[in-house]
Amino acid sequence: MEMPTLTIGSRTARLPIVQGGMAVRISLSPLAAAVAEAGGVGLIAGSGLTVSELAAEVRAARAATSGVIGVNIMVAVRAFKDLVHAAIGEGVDLVVAGAGFSRDVFGWCRDAGVECVPIVGSARVARLAERFGASAAVVEGVDAGGHLGTDQHVDDLLPEILDAVDIPVIAAGGIVTGADIKRMFDAGASGVQMGSRFVATEECSASDEFKRLYLEACEDDIVLIKSPVGLPGRAIANPLTERLAVGDYPRIERCKSCLKECGKEYCIMDALQRSQRGDVVEGLVFAGTSAARVHDILPVGELMARLEDEWRTATEEEAQ
Ligand SMILES: Cc1cc2nc3c(=O)[nH]c(=O)nc-3n(C[C@H](O)[C@H](O)[C@H](O)COP(=O)(O)O)c2cc1C
């Protein structure tokens, strides 16, 4: 049996695989376009980019593929509204909004004919999102990389969200193989969002050092950190996370007031930009627990074909 397609409002992807948006500059146009070209949904991460940088990334992705392209922008960033409008102006198919809840984004998307997909962590928020006009919702469990809005596993969250809404629900957190995707579908999901697995691809814009940490990581290396955004985050242990764990925060060099609200313990944007450029000692390497199950760096096309193969195998094994 082939993988089902994923329909989000008026857009349909051949494969039900969303490549999660990853800031800062981890998922840019090369990765998003390659995923869309291979049949999935490719997301460019807008948080930490300037408005003109994001517009240029969307333009490049749009020029490279006619597949389904979107952006992921954290509601917590001060430039949220301008970034969303820039992405819409350049012709994205969908906007994924995480790390906070914005009522306004639904209206901006509706007016432009763009699908709006919030990341939700509870049935209450999922219901609210559906009422405001969400085309689908991403449910991200505690195993996911990056900022976390819940302490629940996606397998536990999914049933209550499915009960609460009729829109397609996309499951995220801890998914790396076609068999994992199958398991989420069996639980009722209409699609999956994967982040960590896509870091270890040739098209991902993370530094080689960042990707190497993924290949070397084992389960014990993946830890929770405190983020000044006000949420916990999941990352690979390194000298920076050891400092954060004891409250020895790096000094803020220059505050650009990039977040609407910031604890100002340290600069999260600076920490994420450093690792993307290759400083994995003082930089923060966001990763899900599933990074421990990632052992190779592949071209996106090969990865997508492998996921389809693994799905088929899991389906056949079940039928026997
Ligand atoms: C390096 C990295 C950066 C991320 N950045 C963002 C982000 O900017 N916004 C967001 O909503 N989610 C972000 N995420 C979460 C992903 O979009 C995705 O939901 C998550 O990685 C899924 O879990 P997985 O890593 O187990 O596949 C990030 C994840 C990683 C690994």
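1. Let's start with K264, which sits in the loop between α10 and α11 of this predicted model. K264 is not a glycine, yet its phi is positive, at about 60°. Is K264 buried or exposed? It has 12 C-beta neighbours inside 10 Å, and a residue with 12 or fewer counts as exposed, so K264 is exposed.

2. Now look at S257, which is also placed in the loop between α10 and α11. Its phi is near 50°, again a positive value in a residue other than glycine. S257 is exposed, with 8 other C-beta atoms within 10 Å. Most residues other than glycine have a negative phi, and most peptide bonds are trans.

3. With that in mind, find the peptide bond from A23 to V24: it is cis, with omega near 0°. V24 belongs to the loop between β3 (17–19) and α1 (29–37).

4. Next, follow the chain into helix α11 (residues 268–277). Because 7 of its 10 residues are buried, α11 is largely enclosed by the rest of the structure. Among the buried ones are I268, L272 and R274. What do the buried residues of α11 pack against? Their partners are α9 (208–216) and α10 (239–245). After α11 comes G278, with a positive phi near 125°.

5. The crossing is right-handed. On the α2 side, the contact is made by V51, L54, A55 and V58; on the α3 side, by D82, L83, A86, A87 and G89. These residues divide into 7 nonpolar, 1 polar and 1 charged.

Technical notes
Residues are numbered from 1 along each chain as its sequence is written. This is a predicted model: local features need pLDDT of at least 70, side-chain atom pairs count only at pLDDT 80 or more; totals for chains, interfaces and linings use all residues. A residue is buried if 20 or more other C-beta atoms lie within 10 Å of its own, exposed if 12 or fewer, and partly exposed in between; C-beta atoms are placed from the backbone. Helices (H or I, at least four residues) and strands (E, at least two) are DSSP runs, numbered from the N terminus. Two residues are in contact if their C-beta atoms, placed from the backbone, lie within 7 Å. A crossing is left-handed if the near helix is turned anticlockwise from the far one by less than a right angle, and right-handed if clockwise. Ala, Val, Leu, Ile, Met, Phe, Trp, Tyr, Cys and Pro count as nonpolar, Asp, Glu, Lys and Arg as charged, and the others, Gly among them, as polar.
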